[in-house]
Structure formats: C-alpha cells, structure tokens
Amino acid sequence: MCCARCQATECGKMPSFSWRVWPAFVLLLFTSTVAADESLLLEGWHDVWPLRFLVNMLGYFTIIIPGYFLIRYFKRTNYLETGSGFCFPIIKTCVYGSEAKTGLLDDVSVAPRKEGDSGSSVRQVIKLIFCAVGLQVSYLTWGVLQERVMTRSYGATTPEEEGEKFKDSQFLVFMNRILALTVSGLWCILFKQPRHGAPMFKYSFASLSNIMSSWCQYEALKYISFPTQVLAKASKVIPVMLMGKIVSHKSYEYWEYFTAVLISVGVSMFLLSSTPSKHPSTVTTFSGVIILVGYIAFDSFTSNWQDNLFKYKMSSVQMMFGVNLFSCLFTVGSLLEQGAFFDSLAFMTRHSEFALHSLLLSVCSACGQLFIFYTINQFGAAVFTIIMTLRQAFAILLSCFLYGHAVTLVGGFGVGVVFLALFLRVYARSRMKSGRRSAQPLPQKV
C-alpha cells in the first residue's frame, strides 16, 4: 500500500496533479459542468453564478462572524448588568432587546379588523379597489422591469448592436433594500408603533436569507423565463410547509397536502411542455432550476423565521425596518469588498435608462410592501392572497405579451391547475377560520 507522498509522485504516475491542484481541478470541473448548458451567456469567470454566489456569501460572513463574536463577548461578560456609557442603549437594543416574547401579537398595524366599525359598504369597496389596484400596479410593474433589467441590454442604438447587459443582481437587491429601509424608517417615525422588544441581531437571520432569495430571483432570469419563475414562486407553498415542520414544528391539514400536490403537478406540466426560444432567457436550463430551488429554500426560511420573530411585540413595519437594515449592511459591505458597487454606479451613469429602471424597481418594491401591510390590516390574509394570486396570473400573461414567451396547450393547462390549487387553499383556509370563529363564544362587553 503506497503512502500519500508516493501516490502523488512515483506510484501514482501523475506528478503533475499534486494534492494542491485537485481542489482547483474539482472546482473547474464543477463550474464547467454547471455552465455547459448556458455557455453562450458567459463571458468570463465572474459570470459563473456559483462563484458569484460564493463570493457574495464570503462578503456577508466578513460581517456576520465579527458580529457573532461580539454578541458572545457581551453575553459572556454579562454586559447588561455591568455596562454603562453612551454605547449601552445601542448594545442593549442590538444584543438583548427590551422585552420578552409574548404569546400574542400586540400590534397596532396588524390588529384584528373590526367588521362593524370599518365604515359603509361603499367606502369598503373603494378601499378594496384601492388595495387591489395598488398591489397590481406595484408588482406587475416590478415584474416587467425585473425581466427588462436582467434579460435585455442597454445602450444599443440599432437592432444589430448587442449593447451592454447589467449583471450584478446584488446591486439591485441593495437598491430595493435601501429605499425600503428609508420608507419603513419614516413610517415608524411618523406613525405610532408598539414598543420594540426583539434583539436587533435576530433580524440578521431573516435578512441574510431574504438577500439570497432576492439574489436568486434576479439571477434566475438569466437562465429561465419569467413565467417559469412566477410558477415556481407560486409552488413555494410546498417547501414552506416542509420548512414549517422543521423550523416551527407546525402541523398541516389534509387539504393543504392535497393542494400542494396539485401545485407540483401543474408546475411539472408547465416545465415539461415548455419549448425553447431564440432568446436565452426563455430557455429553462439546469442552472435556472438550481437557482430557483435556492430561491424557494431561502424564501421559505425567511417567512418561517419572521413568523417566529412576531412572537415579540412588534409591528410589520418594524419588521420591515429591521430586516432591511441588515440587508443594506450586508449588501453594501459585500459590494464594496468586491469593487462592484462603483462598477454598478458607473453602469448607471453610462445608461440613464437603467438608472430609471432600477429606481422604479425600488419604488415598486417599497410601495408594494406597504400595500401588503395595509391590505392585510383592512381585509385580512385571504383577500390579500386572492389579489396576489390574480397578480401572478396577470404577470404571466403580461410577460408573454411583452417579451414573446410561448406557452403550449399542456403548459397552459398546468398553469390553470396551479391557480386552481391556490384558490382552493384560500377557500379552505377561509372556511376553516370562519368555522373556528363560529365555534367560539362572542365576547361580552363590560
């Protein structure tokens, strides 16, 4: 039996491949295999998405690791009882928080709706139309601009010119988060909020997964069509249920499993029937599927972690502020470390159309989040889910109309199955909640 040194030299008969070369060889083999089906999209090593993903994660961990050791230091030294000075309130808020978890959410912005005191029917109809139009306009515009930014080029004056494509998805995530942070911060200042009790560092978990899900969402459009992405987002109820059992130990009804199976069948029908097109972004590639899986996994963790955070007494806007605060910190730190921040700004100065599109993307994202909070507060989660389900259907139709995506008969049937399952979920959930309310005795006024 040869020793390790002999295998690397004489006995192995491969002196050129030492143990130092193997990691690079394996990495090269992996990236070349992943990029094989979209080689036309790549112009350099920085365009290989696994490397970009790893570099982004390394940038985030340069902030997370020092923060982790600082939190451990403050807790080990019992800083809450021994600390003092100017920094004490900041450290107390970030590391310890001010209040313990509560069993119920005492939230002024998402308090239960009072059906009898919500005004006349006409006012309610006007509010519902306002919410529906606001959500549809915000997110349909956001979807169209997202596909335009990630799949089309800028600067081409004639159809023969290729132009220049924007490739850094992380910068778009930063643009969305910085405006959402500003809007939520102003909202918290202008309107009364409950006393915040959660330690600020707990937002970083949801923030990191939210950044990565958004990055995957933008990056996936380089390798798949927008209708495919919308259907994948609609099918995320399946991993959300799995993540809920793992993270929150939740149990689900039989109809939830049934509709999840229907959704998976519909998505499979659409994906298997999709036909290739001339434009690379309309082809579902292996990398696109992997990135979509990453998006669904990260997004599922985000929603479940935020659900656990709501056990603290906070409003939805405070949640929005805390998550976006860490998102801005992570993304701007990673962009500066890579040197991509100023490259993206240079691209923005070269192409004023891109600057307008990225600004509109951020505005639509921030306004959409506010419309979400207002709609749920006024009409409940069931109405909101119906509006957003219709929005997904409209987004597919609008994308096919504007960007020429072809959908076969089988694929269209699969889309119908997905949205039928989503409406069944809304109907079953509303019936179950109404049954629980009717079983409970009415509260007596004292």
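Okay, let's start with a contact: Arg148 and Glu353 make a salt bridge, with their closest N and O atoms 3.7 Å apart. By salt bridge I mean a side-chain nitrogen of Lys or Arg within 4 Å of a carboxyl oxygen of Asp or Glu. Arg148 sits in helix H6 and Glu353 in helix H15 (residues 352-379), so this pair ties together parts that are 205 residues apart in sequence. Helices here are DSSP runs, H or I, of at least four residues, numbered from the N terminus.

A quick word on what we're looking at. This is a predicted model, where local features need pLDDT of at least 70 and side-chain atom pairs count only at pLDDT 80 or more, while totals for chains, interfaces and linings use all residues. Residues are numbered from 1 along each chain as its sequence is written, and side-chain values use heavy atoms, with hydrogens and water left out.

Back to that pair: is Arg148 buried or exposed? Arg148 counts as buried, because its relative accessibility is 15%, and our cut-off for buried is under 20% relative accessible area, with exposed over 50% and partly exposed in between, using a 1.4 Å probe and protein chains only. Glu353 comes out at 41%, so that one is partly exposed.

How many salt bridges do we get by this rule? The count is four. One of them joins Asp168 to Arg52, with the closest N and O atoms 3.5 Å apart. Asp168 is in the loop between helix H6 (121-151) and helix H7 (169-190), and Arg52 is in helix H3 (residues 49-76), so here the parts tied together are 116 residues apart in sequence. Both Asp168 and Arg52 are buried.

Then there's Arg350 with Glu164, whose side chains meet in a salt bridge at 2.7 Å, N to O. Arg350 belongs to helix H14 (residues 340-350) and Glu164 to the loop between H6 and H7, so this pair ties together parts 186 residues apart in sequence. Both ends are partly exposed: Arg350 has a relative accessible area of 47%, and Glu164 is at 30%.

On to helix packing. Two packed helices are described by the angle between their axes and the distance between the axes. For H7 and helix H13 (residues 316-338), the axes come within 8 Å and cross at roughly 145°. Those axes are lines fitted to C-alpha atoms over the stretch in contact, with angles running from 0 to 180 degrees between N-to-C directions. In the contact of H7 with H13 you'll find 15 nonpolar, nine polar and one charged residues. For the classes, Ala, Val, Leu, Ile, Met, Phe, Trp, Tyr, Cys and Pro are nonpolar, Asp, Glu, Lys and Arg are charged, and the others, Gly among them, are polar.

Leu359 is in helix H15, and Leu359 is partly exposed at 47% relative accessible area.

A cavity, on a 1 Å grid over the protein atoms alone, is a set of points where a 1.4 Å probe fits but cannot get out, and lining residues have an atom within 4 Å of a point. There is one cavity of 30 Å³ or more, and the largest cavity has a volume of about 50 Å³, that volume being the space filled by probe spheres set on the points, which are joined across faces, edges and corners. Ten residues line the largest cavity, and the closest to its centre are Leu140, Gly143, Val144, Phe226 and Ala395. Which element gives the most to the lining? H6 does, with five residues.

Terms used: Helices (H or I, at least four residues) and strands (E, at least two) are DSSP runs, numbered from the N terminus. On a 1 Å grid over the protein atoms alone, a cavity is a set of points where a 1.4 Å probe fits but cannot get out, and a pocket is an open set with protein on both sides within 12 Å along at least five of seven lines; lining residues have an atom within 4 Å of a point.
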